[in-house]
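Reader: Before I set anything up, could you show me the model?

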Amino acid sequence: MHQALLIPDIFLEIFAHVNQVLNPSSTGEKALARKSIAALATTCKKFHEPAMDLLWSKVDQLEPLLGCVTRLHPLIYHGGSRWDSTWSKGVEPLSAHEVRQFLRHSARVQSLNVQSDHFFHLLSVVPIEKCVFLRLRSLTWRLATARYLDLFLSCTLRRCSLFTINQNLKNIVTRCAALEDLSIKKLNFDASTADELSLLSDSVRLCKQLVILSCPPLDWAAWEHLSILPNLVRVGVRDVQICSAPAWPSERNVANPTQFLNITALSLQVNNAGYIITVLQHSKFPSLMELKIETDLLSSEEAEQLFCALSNCKACQTLQQLEITVISGSRHQGSSLTAIPHLLCFAQLQTLRLVCCFSYIYLDNDVLLEAMSNWPHLRTLEIEGSCLHPSTVTFCGLFTALRLCPHLHTLRVLIDPVNIEIGPNKIQHTSLKTVDFDTLSPIANTADVARIIFNVLPCVDQINQFTMHTEGWDEVNRHLKSLKAAVLH
């Protein structure tokens, strides 16, 4: 053996390179990496322990550990095929000796994904309050039950992803005091109950080291607790079927909002727009860089409240990415939203995606020009609303505004296909590559539109369309393709 391989840092770096998977979705690539690590484990005694640590560091299901039990191995890997959910049916629980076989490599596991509980009866001999995965750092628990969960609650746990809210939640955050990443989703799509949301909020207030939190809506006491966590940078709230917001003290003073000094990414995906409005009205996010909102606006008044609260959340000099999706009910179809003026304060904006499925987002040449002048760093602009109103953004107005955003590479807007006069001396925009247009009326002259795009947007190969007048845009694309082919020849 080369002397360099006797230095732990060197052969650990080699092992990490062998274990590297460039495409996580490729099962073949992952299988090859595991096979290579297994081969290193059998090379020599020096390699055995570190290679085995790597081989067992991430376990997607418990079956590979149960496969270490001599009696269970042929049941799990029968015929060389992957196991199914019926293999453990009628199988006797593990004996004390077999438990030791099962736990042979459990101390090596650092990341574990538990997807099924059909084999838990095999573990009945293991003391239920005992943690057997002593080095576990990441746990994904895709079960509605919390039975046997204590076996996995290591004091080293840093990341926990749960798919249920139950009484064991407080036990989890108490035992795993070093928890940094907590994600809670519901397996079903039922609305969270008031008791569940109360339990969730009480449990979150016990967390002291959170860096990332994703969960159903919290009450204000939990939000205030989050504001004092020094390491918290990312918060996501999601519960699309919540019927009413958790309790918020009526005496809360909007004029004295709570400061969230360190949060850089916030996602609020809640069907109840009132909850999102209340959070924004009572909070300031001076470090916020990414904001995602998804809601159902019940009235134009709520829309105005939402955009006003957003513009006052103290993120004007930091926000770079803003995505707002409004899923309005059909009774508001065709209503107009004046959203853009409220967003002009975000001077560092690089990405804006504004989708209002049943409402018209007012945008004309003047509004677009003012927006572009306020967003010089913009790279992606996608504005999609109801097509029941004709667009007043013309090609001339669009190209004039584009000069103010030299880095823009993706554009999606409703445009006027009839007024295609652009005026003389239009400067080429060379960074724009992806363009989605839609129109309320048919395109008057597809050849002229293609020629305009060819001359002003040289890096655009085709125009994508939302939903309407696809034949017209297909014809534009055919003309555009011909123009580009003629240049090449």
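Reader: How are α10 and α11 oriented to each other?
Author: α10 and α11 are roughly parallel to each other (angles under 35 degrees count as roughly parallel, over 145 as roughly antiparallel, 65 to 115 as roughly perpendicular, the rest as oblique). This is a predicted model, where local features need pLDDT of at least 70 and side-chain atom pairs pLDDT 80 or more, while totals for chains, interfaces and linings use all residues. Residues are numbered from 1 along each chain as its sequence is written, and side-chain values use heavy atoms, without hydrogens or water.

Reader: What angle and axis distance for α10 and α11?
Author: The angle is about 30°, and the axes of α10 (residues 273-281) and α11 (residues 300-311) are 9 Å apart. Axes are lines fitted to C-alpha atoms over the stretch in contact, with angles from 0 to 180 degrees between N-to-C directions.

Reader: Which hand is the crossing of α10 and α11?
Author: Left-handed, meaning the near helix is turned anticlockwise from the far one by less than a right angle; clockwise is right-handed.

Reader: Which residues make the contact?
Author: On α10 they are Ala273, Gly274, Ile276, Ile277, Leu280 and Gln281, and on α11 they are Glu302, Gln305, Leu306, Ala309 and Leu310 (contact: heavy atoms within 4.5 Å). By class, the contact of α10 with α11 has 7 nonpolar, 3 polar and 1 charged.

Reader: Now α15 and α16. Which way are they set?
Author: α15 and α16 are oblique to each other. The axes of α15 (residues 446-456) and α16 (residues 470-488) come within 8 Å and cross at roughly 50°, and the crossing is right-handed.

Reader: Which residues does α15 bring to that contact?
Author: α15 brings Thr446, Ala447, Val449, Ala450, Arg451, Ile453 and Phe454, and they meet residues of α16 including Trp473, His479, Leu483 and Val487. The contact of α15 with α16 divides into 10 nonpolar, 3 polar and 3 charged.

Reader: Moving to loops. Where is Ser154, and is Ser154 buried or exposed?
Author: Ser154 sits in the loop between β3 (138-141) and β4 (159-162). Ser154 counts as buried because its relative accessibility is 2% (buried is under 20%, exposed over 50%, partly exposed in between, with a 1.4 Å probe and protein chains only).

Reader: What does Ser154 touch beyond its sequence neighbours?
Author: Leaving aside residues within four places in sequence, Ser154 is in contact with Cys131, Phe133, Leu134, Arg135, Leu136 and Cys176. The C-alpha of Gln110, 44 residues away along the chain, is 10.0 Å from that of Ser154.

Reader: What is the phi of Tyr148?
Author: Tyr148 has a positive phi of about 70°, although it is not a glycine. Tyr148 is also in the loop between β3 and β4, and counts as buried at 6% relative accessibility.

Reader: And what is phi for Lys314?
Author: Phi of Lys314 is near 65°, again positive in a residue other than glycine. Lys314 lies in the loop between α11 and β12 and is partly exposed, at 48% relative accessible area.

Reader: Where is Gln320, and what does Gln320 touch?
Author: Gln320 is in the loop between α11 and β12 (321-326). Not counting residues up to four places away, Gln320 touches Met289, Gln348, Leu349, Gln350 and Thr351. At 27% relative accessibility, Gln320 counts as partly exposed.

Reader: Last one: how many helices and strands are there?
Author: There are 16 helices and 19 strands, and 46% of the 489 residues count as buried. Helices (H or I, at least four residues) and strands (E, at least two) are DSSP runs numbered from the N terminus.

Conventions: Ala, Val, Leu, Ile, Met, Phe, Trp, Tyr, Cys and Pro count as nonpolar, Asp, Glu, Lys and Arg as charged, and the others, Gly among them, as polar.
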